[in-house]
Amino acid sequence: MVTAVILAFLVGAVLIGGIKRIADVAGKLVPFMTVAYLVAGIVVLGVNFSEIPAAFALIVKSAFTPVAAQGGFAGAAVWAAIRFGVARGIFSNEAGLGSAPIAHAAAKTQNPVRQGLIAMLGTFIDTIIVCSITGLTIVITGGWLNGQTGATLTATSFSAAIPGGNYIVAGALVIFAFTTILGWSFYGEKCIQYLFGQKAITPFRVVWIVALMVGATQSLDFVWLLADTLNAMMAIPNLIALALLSPVVYRLTKEHIKDVNSDSVDIREKS
């Protein structure tokens, strides 16, 4: 409950109180914590480089065949690997939810395709790089056998490989979680403003802060289930819209690539 109150106070200070310093500091810490986390993971993989092929083999094998009842993977099968992989992948990069475009739409750019390519880069970094390093670290250190899950599993795995690894994970988790809460509040505000106008923003912020306190006191399993359900409710209409708009995306992307190639030819001819 203490954590819930502190979290609600800090978020409320930023959203309602207009205290931007906390958000600015958190925003500056995100790149630092990201680099620290990646460096720690790379160090672990570098020290255990010879075990990486075996780790990949174990991951692939366990995804398609049931494994022994060990750790958090007890009774895992193909359907479970797909279900949790998709759900956690969405949490990692928000692909298909339609949330990230709200932020990218605010960017100052003359070409939507270029901004879309930048958005795709974020998905690659989040999932392919960060999540792969995390997964390999957990497997290589044997952390997946200790029966833990979530952030505790990751922190234990890093701590087993490098001194103070658990503090790096804890620090990164706090910063990432706090800035994610602020980011999603921005998404919600824009949606509420579109539906009900500017006057609805303040009530939304109050409800958002109260929801933070309630969510922080609930069981982790319930929070995951609720989040997965709500993500699906966002993804379904958004994916339908993406399918309908795919011809437009294809046409604009083709035109952009053609323009880029033409500019490259002109530069070579002038040089």
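Visitor: How are α6 and α7 set relative to each other, roughly perpendicular or roughly parallel?
Guide: In this predicted model, helix α6, residues 112-140, packs against α7 at an angle of about 65°. Angles of 65 to 115 degrees count as roughly perpendicular, and α6 and α7 are therefore roughly perpendicular to each other.

Visitor: And how far apart are their axes?
Guide: The axes of α6 and α7 are 9 Å apart.

Visitor: Is that crossing left-handed or right-handed?
Guide: Left-handed, as α6 passes α7. The contact is made by Thr134, Thr137 and Ile138 on the α6 side, and by Leu153, Thr154, Ser157 and Phe158 on the α7 side.

Visitor: What classes do those residues fall into?
Guide: The contact of α6 with α7 has three nonpolar residues, four polar ones and no charged ones.

Visitor: Tell me about α7 itself. How many residues does it have?
Guide: Helix α7 has twelve residues, 150-161. From its first C-alpha to its last it reaches 18 Å, which is close to the 16 Å expected at 1.5 Å a residue.

Visitor: Which residues in α7 are buried?
Guide: Leu153, Thr154, Ala155, Ser157 and Phe158 are buried in α7. Of these, Leu153, Thr154, Ser157 and Phe158 are also part of the contact with α6.

Visitor: What about α7 and α8, at what angle do they cross?
Guide: The axes of α7 and α8 cross at roughly 145° and come within 6 Å. On α7, the contact uses Ala151, Thr154, Ala155, Phe158 and Ser159. On α8, the residues are Gly165, Asn166, Val169 and Leu173.

Visitor: How many of those are nonpolar, and how many polar?
Guide: The contact of α7 with α8 has five nonpolar and four polar residues, with no charged ones.

Visitor: You mentioned Asn166. Which residues does it touch?
Guide: Asparagine 166 touches Ala155 and Ser159, not counting residues up to four places away in sequence. Asparagine 166 lies in helix α8.

Visitor: Where does its accessibility put it?
Guide: Asparagine 166 is partly exposed, with a relative accessible area of 27%. There is also a distance to look at on the model: the C-alpha atoms of asparagine 166 and alanine 151 are separated by 9.5 Å, and the two are 15 residues apart along the chain.

Visitor: Okay, new topic. At what angle do α1 and α8 pack?
Guide: Helix α1, residues 2-15, and helix α8, residues 165-196, pack at about 50°, with axes 11 Å apart. That angle makes α1 oblique to α8. The crossing of α1 past α8 is right-handed.

Visitor: Which residues meet there?
Guide: From α1, Leu7, Leu10, Val11, Val14 and Leu15 meet Phe178, Ile181, Leu182, Ser185 and Glu189 of α8. By class, the contact of α1 with α8 has eight nonpolar residues, one polar and one charged.

Visitor: What does it touch?
Guide: Glutamate 189 touches Leu15, Ile201, Phe204 and Arg205, leaving out residues up to four places away in sequence.

Visitor: Back to α1. How far is alanine 4 from alanine 216?
Guide: Their C-alpha atoms are 5.3 Å apart in space, while alanine 4 and alanine 216 are 212 residues apart in sequence. Alanine 4 lies in helix α1 and is buried, with a relative accessible area of 1%. Leaving aside neighbours within four places in sequence, alanine 4 is in contact with Met213, Ala216 and Thr217.

Visitor: And valine 113, what does that one touch?
Guide: Valine 113 touches Leu252, Thr253 and His256, again not counting residues up to four places away in sequence. Valine 113 is in helix α6 and is buried, at 12% relative accessible area. Valine 113 and tyrosine 250 are 137 residues apart in sequence and 9.9 Å apart in space, C-alpha to C-alpha.

Visitor: Let's zoom out. How many helices and strands are there?
Guide: The protein chain has ten helices and zero strands.

Visitor: What share of the residues is buried?
Guide: Buried residues make up 26% of the 271 residues in the protein chain. As for contacts with a separation of 6 or more, residues 24 or more positions apart account for 70% of them.

Technical notes:
Residues are numbered from 1 along each chain as its sequence is written. This is a predicted model: local features need pLDDT of at least 70, side-chain atom pairs count only at pLDDT 80 or more; totals for chains, interfaces and linings use all residues. Side-chain values use heavy atoms; hydrogens and water are left out. Axes are lines fitted to C-alpha atoms, for helices over the stretch in contact, and angles run from 0 to 180 degrees between N-to-C directions. Helices (H or I, at least four residues) and strands (E, at least two) are DSSP runs, numbered from the N terminus. Angles under 35 degrees count as roughly parallel, over 145 as roughly antiparallel, 65 to 115 as roughly perpendicular and the rest as oblique. A crossing is left-handed if the near helix is turned anticlockwise from the far one by less than a right angle, and right-handed if clockwise. Contact means heavy atoms within 4.5 Å. Ala, Val, Leu, Ile, Met, Phe, Trp, Tyr, Cys and Pro count as nonpolar, Asp, Glu, Lys and Arg as charged, and the others, Gly among them, as polar. The expected span of a helix is 1.5 Å times one less than its number of residues. Buried means under 20% relative accessible area, exposed over 50%, partly exposed in between (1.4 Å probe, protein chains only).
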